[in-house]
Amino acid sequence: MYENVLVPYDFGNSFKNVPDQLKKLTHGATTYNIVIFNVISETELANYVRYQGKHFEDVVEEKKEEMRPFLNTLDEHDLKYQIKFTTGSPTHEIVNEIEGYDYDIVVMSNKRAEMDIKHVLGHVTHKIAKRVNVPVLIVK
């Protein structure tokens with residue numbers, strides 16, 4: 001169905017329902033590419049360097065370990081994926097990634113799934129859905 005799928009990964013969101021949706025989205029595709037994309041903010045990276053003496057490569061390895069439960073679930077669903085990290089403004093970098101590659105769909109988790117708050121979508125999710133010209137699937 002979809003061959004090129006971007007999953008902007010946010011450590012503050014729950015991604016427990018995303019693997020099932022990815023399985024459905026790629027079902028029937030002979031080849032597909034799922035990209036798990038995380039943006040490390042410049043402030044966060046500067047704090048790692050300043051207070052822990054860790055540089056980008058070290059932070060990436062630490063982040064990969066933090067996302068291990070999600071990656072294990074993808075493995076359990078027999079999904080093939082690649083992981084990409086960059087640094088900068090999350091909204092800007094995600095839009096650049098989408099515009100720079102031929103993605104068929106963007107799959108995002110919805111951090112603000114609670115009914116009693118004013119805004120239904122998180123800040124970055126809202127901006128991505130508003131600014132890109134590919135379908136955006138927002139998973140609760």
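Analyst: Happy to! Helices here are DSSP runs of H or I with at least four residues, strands are runs of E with at least two, and both are numbered from the N terminus. By that rule the chain has six helices and five strands. Bear in mind that this is a predicted model.

User: In what order do the elements of the chain run from the N terminus on?

Analyst: The order is β-α-β-α-α-α-β-α-β-α-β.

User: What makes β3 and β5 the edge strands?

Analyst: Two strands pair if DSSP finds at least two bridges between them. The open sheet has the order β3-β2-β1-β4-β5, with parallel pairing. Both β3 (81-87) and β5 (136-139) pair on one side only, and that makes them the edges. From one strand to the next, the twist averages 25°.

User: How do you know that β4 pairs with β5?

Analyst: Set the count against the cut-off: at least two bridges are needed, and four join β4 (residues 105-109) to β5. These two strands run parallel. One of the residues involved is M108, whose bridge partner in β5 is I138.

User: Which helix lies across β4 and β5?

Analyst: That is α6 (residues 123-131), running at about 165° to β4.

User: Why is α2 called roughly perpendicular to α3?

Analyst: The axes of α2 (residues 42-52) and α3 (residues 56-66) cross at roughly 110° and come within 10 Å. The roughly perpendicular class covers 65 to 115 degrees, so α2 counts as roughly perpendicular to α3.

User: Which residues make that contact, and how do they divide?

Analyst: From α2 come E44, L45, Y48 and Q52, and from α3 come F56, V59, E62, K63 and E66. They divide into four nonpolar, one polar and four charged.

User: How do you know that the chain agrees with a compact globule?

Analyst: For 140 residues, a compact globule would have a radius of gyration near 14 Å, and the chain has 15 Å, which agrees. Its C-alpha atoms fill a box of roughly 45 × 35 × 30 Å along the principal axes.

User: How many of the residues count as buried?

Analyst: Buried means under 20% relative accessible area, and 36% of the 140 residues qualify. As for contacts with a separation of 6 or more, 74% are between residues 24 or more positions apart.

Definitions and conventions:
Residues numbered from 1 in each chain as written. Predicted model: local features only at pLDDT ≥ 70, side-chain atom pairs only at ≥ 80, totals over all residues. Heavy atoms only, no water. Axes fitted to C-alpha atoms, helices over the stretch in contact; angles between N-to-C directions. Parallel < 35°, antiparallel > 145°, perpendicular 65-115°, else oblique. Contact = heavy atoms within 4.5 Å. Nonpolar A, V, L, I, M, F, W, Y, C, P; charged D, E, K, R; others polar. Rg over C-alpha atoms; globule rule 2.2 N^0.38 Å. Buried < 20%, exposed > 50% of the residue type's maximum accessible area, 1.4 Å probe, protein only.
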